[in-house]
Amino acid sequence: HYWEIHIDHFALPTGPYFMIGITGEKTKNENWIGSTENGIAYSSFGTLVRFSRAKRSDLPKYGKGDTIGVLLDLERKNGSIKYFKNREDLGWFQEQI
């Protein structure tokens, strides 16, 4: 599965912080993507987050005008997710999805 999110504007009540990712169907509304064992997210600060911890912090930051692509492949070993920033491949992240 592949999808893209284009960020037209970037104004949130809590500040310029945004997360794009996946989470399981049983995740409660009060949890944020990347805070649970079945979620993983790419934050606007350039970090890959899982279990509320930064798994990687060397990814490019993103914001207004950027397009973030997400490729989810559940058939790869343990499931994998790949992110793109403005069509630039940021690599596979294999996290037992």
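**View 1. F10, a partly exposed residue in a loop.** F10 counts as partly exposed because its relative accessibility is 22%, and that label covers the range between buried (under 20% relative accessible area) and exposed (over 50%), using a 1.4 Å probe and protein chains only. You'll find F10 in the loop between β1 (2–6) and β2 (19–22). Strands here are DSSP runs of E with at least two residues, helices are runs of H or I with at least four, and numbering starts from the N terminus. F10 and K64 are 54 residues apart in sequence, yet their C-alpha atoms are 5.5 Å apart in space. Keep in mind that this is a predicted model, where local features need pLDDT of at least 70, side-chain atom pairs count only at pLDDT 80 or more, and totals for chains, interfaces and linings use all residues. Residues are numbered from 1 along each chain as its sequence is written, and side-chain values use heavy atoms, with hydrogens and water left out.

**View 2. The protein chain, strand by strand.** How many helices and strands does the protein chain have? There are zero helices and eight strands, so reading from the N terminus gives β-β-β-β-β-β-β-β. Of the 97 residues in the protein chain, 41% are buried. Contact means heavy atoms within 4.5 Å. Looking at contacts between residues at least 6 apart in sequence, 37% join residues at least 24 apart.

**View 3. D66, tucked into a loop.** D66 sits in the loop between β5 (53–56) and β6 (67–73). Is D66 buried or exposed? With 13% relative accessibility, D66 counts as buried. A polar atom of the D66 side chain lies 2.8 Å from the backbone nitrogen of G63. Beyond its neighbours within four places in sequence, D66 is in contact with I5, H6, I7, K61, K85 and N86.

**View 4. S80 and W92.** S80 belongs to strand β7 (residues 80–85). S80 counts as buried because its relative accessibility is 0%. Along the chain, S80 and W92 are 12 residues apart, and 6.5 Å separates their C-alpha atoms.

**View 5. The largest nonpolar core.** A nonpolar core is a set of buried Ala, Val, Leu, Ile, Met, Phe, Trp, Tyr and Cys residues joined through side-chain atoms within 4.5 Å. The largest one here has 15 residues, and Y42, I81 and Y83 have the most contacts inside it. At least two residues of this core come from each of β2, β3 (40–43), β6, β7 and β8 (88–94). β6 gives the most, with three residues.

**View 6. Aromatic pairs.** Rings of Phe, Tyr and Trp (its six-membered ring) pair if their centres lie within 6.5 Å; planes under 30 degrees apart are stacked, over 60 edge-to-face, and the rest tilted. The structure holds five aromatic pairs. One of them is Y2 with F84, edge-to-face at 5.8 Å centre to centre and 75° between the planes. Y2 is in strand β1 and F84 in strand β7, so this pair ties together parts 82 residues apart in sequence. Y2 is partly exposed at 42% relative accessibility, while F84 is buried at 15%. Y42 and Y62 make another edge-to-face pair, 4.9 Å centre to centre with 65° between the planes. Y42 is in strand β3 and Y62 in the loop between β5 and β6, 20 residues apart. Y42 is buried at 0% relative accessibility, and Y62 is buried at 6%. Ring pairs also join F18, Y42, Y62, Y83 and F93 into a cluster.

Definitions and conventions:
Polar contact = N/O pair within 3.5 Å; in protein donor to acceptor, adjacent residues only side chain to side chain.
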